[in-house]
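Biologist: I would like to learn how the terms for a structure are decided. Could we go through a few together?

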Amino acid sequence: MSNNKQDLTLVILAAGLGSRFGGDKQLAQLGPNDETMLELSLKSAYRAGFNRAVLVIRPELAPLLDEVLADKLASDFSCEYCIQALDDLPVAGREFADVAQRQKPWGTAHALWSARNHVHGPMAVINADDFYGDSAFSLLAEGLSTADEDWMMVAYPIGLTLSENGGVNRGLCQVEAGKLVDVAEWLDIRCEASGLTGTLDEQRFAIADDAVVSMTCWGFKPDIFEVVEQQFNQFLEYNGRHPKAECYLPTVVQARLDAPSAPQANKVVNVSVAQESWYGVTYPEDVAWVRDKLQQTLSK
């Protein structure tokens, strides 16, 4: 473990339903020793200097995760759960939300907001079912410890994040001089005969081969929760009665970048490009390939 003395929290978004995968991806044992991606991330974070984790989950996952993580974590690394509940909504947005008709969680922005009472310092935020590599957590720990107000992101080249088995959703980024200028959630990104394409605002566009994307590998300060609440209230006003619409973290980050009233110095999102490949499963057909890649990567 590093000698970093600052308290650093890893928030892991682990409440997803895995609809396209057909089950709980966060419980899939894909590592060379049957580790879950979640376990691999927790151990990487510990090596980088993080000293605690908050797992955002559905209630029924708690006993399953207890079993998966039993005796797997260092004694000086604390890990706690918080629940992403459909009816845990900001007061201002409740009147617009039809919780009874909701068919899935509200999205990554709401998942992070669910952890608001559990995190009071700098935090990294990742998905439970993705493999980021040790270097990503080292970059996050360094960035969170050296920039007082800045947020940050570890980005990945888009070509390293696609699936041969279907379209994927990614936060497509525009970066200038190491700073994030724009990020937007693109849907159903695929490699077709004509090149990369994806859907934005219900229209399909070409995507540059050298684009970088957000894989939900963020570094935030506690002011993130205020921005999330503002954006989630706005989302609920327009989408609160939609059974499947989701509020994404890239939307929240972009709102902070665009906020006219915020001082420019408080709107910086530093971007580091990952030094290792990202691996994740979107479809059941991805499992064998990811297992093989993790075996190769972690056996070096």
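Biologist: Which residues form one aromatic cluster?

Modeller: Trp-106, Phe-232 and Phe-235 do. Before we go on, a word on the model: it is predicted, so local features need pLDDT of at least 70 and side-chain atom pairs count only at pLDDT 80 or more, while totals for chains, interfaces and linings use all residues. Residues are numbered from 1 along each chain as its sequence is written, and side-chain values use heavy atoms, with hydrogens and water left out.

Biologist: Why is the pair of Trp-106 and Phe-235 called edge-to-face?

Modeller: Rings of Phe, Tyr and Trp (its six-membered ring) pair if their centres lie within 6.5 Å; planes under 30 degrees apart are stacked, over 60 edge-to-face, and the rest tilted. Here the centres are 6.4 Å apart and the planes stand at 85°, so the pair is edge-to-face. A search of the whole structure finds eleven aromatic pairs.

Biologist: What makes this pair a tie between parts 129 residues apart in sequence?

Modeller: Trp-106 lies in the loop between β3 (78-83) and α3 (108-113), and Phe-235 in helix α5 (residues 224-239), so the pair ties those parts together. Helices (H or I, at least four residues) and strands (E, at least two) are DSSP runs, numbered from the N terminus.

Biologist: What sits over the ring of Trp-106?

Modeller: The charged end of Arg-102 does, 4.1 Å from the ring centre. The rule asks for NZ of Lys or CZ of Arg within 6 Å of the ring centre and within 35 degrees of the ring normal.

Biologist: Is Gln-84 buried or exposed, and how do you know?

Modeller: Buried means under 20% relative accessible area, exposed over 50%, and partly exposed in between (1.4 Å probe, protein chains only). Gln-84 has 9% relative accessibility, so this residue counts as buried.
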